[in-house]
Amino acid sequence: MTDFVGRRRELKELREDIARTGLDTLSGRKAKAPRARVLLVAGRPGSGRTALAEAFVREVAGDYPDGLLRVRLTAPGGEPVATERAVRTLLEGLGQPTPPGAGEDDLSAALRDALVGRRVILLVDDAADPHQVDALLPDTPECLVVVTAEGPLTGIPDVRPCTLGGLDTHSAVAMLSRLIGDTRVAVDPRAAESLAEECGGQPAALALAGGWLAAHPKAAVADVAKQLHDMPPGITGPLGRTFRLVYESLPQPAQRTLRLLPLAPAGILDSHTASALAGCSVAAAQSTLEDFAGLGLVRTARDGLFLLPGCLAPMLQALLEAKERPAEVQLARARMLERTVRLLTSCRAMTEDAEGDEESGDRLRERLDGMPRALRFPDRRAAATWLDTRLPALTASAAVAVADGGLDTLARRLVAALVRALAGHRGTAAAAPELYGLHRLVLDVAERRDLHREQAAALLNLADLDAETGRTQEALERYRAALVAGKAAKDPYATGRAMESVGGAYMELADWPRASDWFGRALSQALARGERADEARLYGRLGNVHTYAGRYGEALRSWRAAAAGYRRLADVPGQAKALSEMARVQEYAGRPEESLHTCREAIELARRAGDLRLQAALQVRLADTLDRLGDPAAARLHRSAADRLLGDDPAACEIRSGSD
């Protein structure tokens with residue numbers, strides 16, 4: 001903040017504490033391992049602890065060339081941020097991957113590994129629990145951790161505390177001067193000192209008083225000091241009295257809008273959120289938020305966002321509970337969630353215009369038809385930027401909607417819209433960490449409402465992500481649970497998919513008997529339902545299992561059935577790949593002549609399908625077989641053919657297994 005004033009003594013002490021000898025060294029004890037220096041800025045909400053920490057890290061930033069990472073550990077409503085989410089935030093700031101579903105310990109270890117050899121500042125704001133901070137601490141002594149909290153961090157060794165009280169009178173008056181100008185302070189300096197005293201030197205209270213005076217240029221500083229002094233005794237604390245002065249000066253519509261702001265997820269606000277909560281136009285909401293920012297009731301952030309100060313959240317929550325009926329609060333929350341769903345739908349629709357063809361343009365116009373102009377995005381890039389900047393608020397909205405319990409229909413729509421928007425703009429793989437959390441929210445609602453089909457879908461999605469990140473045992477348990485839910489829903493797709501996935505998990509665990517058993521169960525269902533595409537695929541998966549288990553006769557029967565299935569489907573590429581796998585198994589079984597014949601048949605099918613990559617891979621396989629049969633001249637011809645098809649890139653000649 002450019003308006004930071006005072007605290008020169010505290011800044012000097014913090015800088016000196018970086019190089020000061022640790023308490024363990026002074027006492028003669030040897031620390032378990034070198035760790036980053038931890039500096040604590042402690043103070044009550046509104047004392048300016050975050051502003052001081054920000055000013056300090058700006059001063060020492062030159063000593064830490066690898067940058068600054070920020071994370072907040074308490075939401076504006078007072079709820080602690082999950083440690084897993086905090087670690088992910090820091091890893092993302094370092095540009096490191098965050099595997100979906102990874103536990104807190106694994107993520108903390110990944111963070112420490114990522115910080116090895118770096119000189120980084122970690123600014124950890126509003127810590128509520130020492131355990132939260134401990135999970136973030138680097139083992140690298142070259143790093144610096146600056147923590148803000150209300151009290152001590154018991155349990156973390158060698159923490160350097162800096163406890164804040166109010167600003168001194170000179171600094172408090174200087175802060176008022178910056179907010180309201182020098183003239184009114186110079187006219188009556190004693191009144192300015194009196195106002196600073198009424199505010200207790202608290203920066204948050206001074207910001208509110210200064211904001212009110214700036215909005216009322218004809219008001220005298222002495223009058224504001226007197227109003228604060230004459231407040232009823234029931235209003236405790238300088239911040240509470242100053243807030244009441246500002247709140248009661250607002251018109252009724254603005255008061256109601258302000259009371260509803262604690263409903264904003266994660267304390268992140270924009271014009272759409274405020275508009276939906278208050279039931280007013282987007283333009284009116286934007287103007288109101290800008291007025292609130294001038295008064296010090298909200299803070300301006302980047303990208304058109306505003307932040308609700310944590311020190312004001314308890315007072316606003318108390319007003320909300322006292323003055324708004326529960327039904328009105330629920331209606332306001334529902335309006336906000338409905339607006340979010342519509343914005344996500346508009347955001348997702350912009351991805352359909354990616355190719356720019358006529359069909360996708362028609363789909364885009366159809367989706368946006370009838371949607372207000374304020375909810376539309378000018379282009380895909382603007383939609384993606386909106387999604388990126390609002391993602392913390394969007395994920396918090398989904399979590400709040402699910403936790404509410406009374407808005408499950410809206411919650412399901414919101415999660416589904418957010419999943420589609422993330423997949424459309426980022427791709428499923430890149431969005432996997434966020435999708436994992438969203439699928440867990442879907443599972444919570446489905447279990448609460450006994451929605452077995454949605455429960456099965458959520459379990460399958462979570463299990464797929466577990467399997468992709470190597471947690472095969474966890475994936476297996478979820479696939480089995482999905483099978484139970486699919487049977488309860490009488491959903492043949494879910495049960496078939498679950499049985500096949502259970503087989504795939506056992507295959508990953510190299511448990512060939514169980515893998516073939518579960519693939520066989522899935523195949524029996526597909527045969528009973530006449531699902532030919534599933535039949536062909538499952539025959540191929542069975543062929544793979546039998547091949548790995550060394551049961552070449554059964555493998556050949558399965559691959560023949562798979563090839564026949566693809567032929568009936570007129571799937572020429574699928575048939576060619578099945579025959580290529582047959583050729584591989586025949587070679588393993590010691591039948592090189594049969595393998596040559598099958599391989600040539602597969603090459604012809606691949607040529608008909610126009611699959612150059614498969615043709616080249618089969619030519620290489622054919623060459624290898626000819627080498628083993630003692631015909632190197634013919635082998636060279638086939639390798640030359642592969643080179644002509646795709647060049648000399650060995651990776652281009654790899655044949656993927658039928659299970660892939």
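User: In this predicted model, does Asp126 count as buried or exposed?
Analyst: The relative accessibility of Asp126 is 13%. The cut-off for burial is under 20%, so Asp126 counts as buried.

User: Which element holds Asp126, and what is its phi?
Analyst: Asp126 is found in strand E3, which spans residues 121–127. Most residues other than glycine have a negative phi. Asp126 is not a glycine, yet its phi is positive, at about 60°.

User: Where does Ala570 lie, and does it count as buried or exposed?
Analyst: Ala570 also has a positive phi, near 60°, without being a glycine. It lies in the loop between helix H27 (552–568) and helix H28 (572–588). Exposure requires over 50% relative accessible area, and Ala570 is at 64%, so it counts as exposed.

User: How are the axes of H19 and H21 oriented to each other?
Analyst: The axes of helix H19 (residues 380–404) and helix H21 (residues 432–449) come within 10 Å and cross at roughly 15°. Angles under 35 degrees count as roughly parallel, so H19 is, relative to H21, roughly parallel.

User: Which residues of H21 make the contact with H19, and how do the residues of this contact divide?
Analyst: The crossing of the two helices is left-handed. From H19, the contact takes Leu391, Ala398, Ala399 and Val402, and from H21 it takes Glu434, Leu438, Leu441, Asp444, Val445 and Arg448. By class, the residues of this contact are seven nonpolar, no polar and three charged.

User: How are H17 and H19 oriented to each other?
Analyst: Helix H17 (residues 326–349) packs on H19 at an angle of about 140°, with the axes 11 Å apart. An angle must be over 145 degrees to count as roughly antiparallel, so H17 and H19 are oblique.

User: What is the handedness of the crossing of H17 and H19, and how do the residues of their contact divide?
Analyst: The crossing of H17 and H19 is left-handed. Contributors from H17 include Arg333, Leu337 and Cys347, while those from H19 include Trp386, Leu394 and Asp404. The residues of the contact divide into 10 nonpolar, three polar and two charged.

User: How many disulfides does a search of the whole structure find, and how far is the sulfur of Cys199 from the closest cysteine sulfur?
Analyst: Cys199 is buried, at 0% relative accessibility, and Cys599 is buried at 1%. A search of the whole structure finds zero disulfides. A disulfide needs sulfur atoms within 2.5 Å, so the sulfur of Cys199 is too far for a bond with the closest cysteine sulfur, in Cys311, at 13 Å.

Methods: Residues numbered from 1 in each chain as written. Predicted model: local features only at pLDDT ≥ 70, side-chain atom pairs only at ≥ 80, totals over all residues. Heavy atoms only, no water. Axes fitted to C-alpha atoms, helices over the stretch in contact; angles between N-to-C directions. Helix = DSSP H or I, 4+ residues; strand = E, 2+ residues; numbered from the N terminus. Parallel < 35°, antiparallel > 145°, perpendicular 65-115°, else oblique. Left-handed = near helix turned anticlockwise from the far one by under 90°. Contact = heavy atoms within 4.5 Å. Nonpolar A, V, L, I, M, F, W, Y, C, P; charged D, E, K, R; others polar. Buried < 20%, exposed > 50% of the residue type's maximum accessible area, 1.4 Å probe, protein only.
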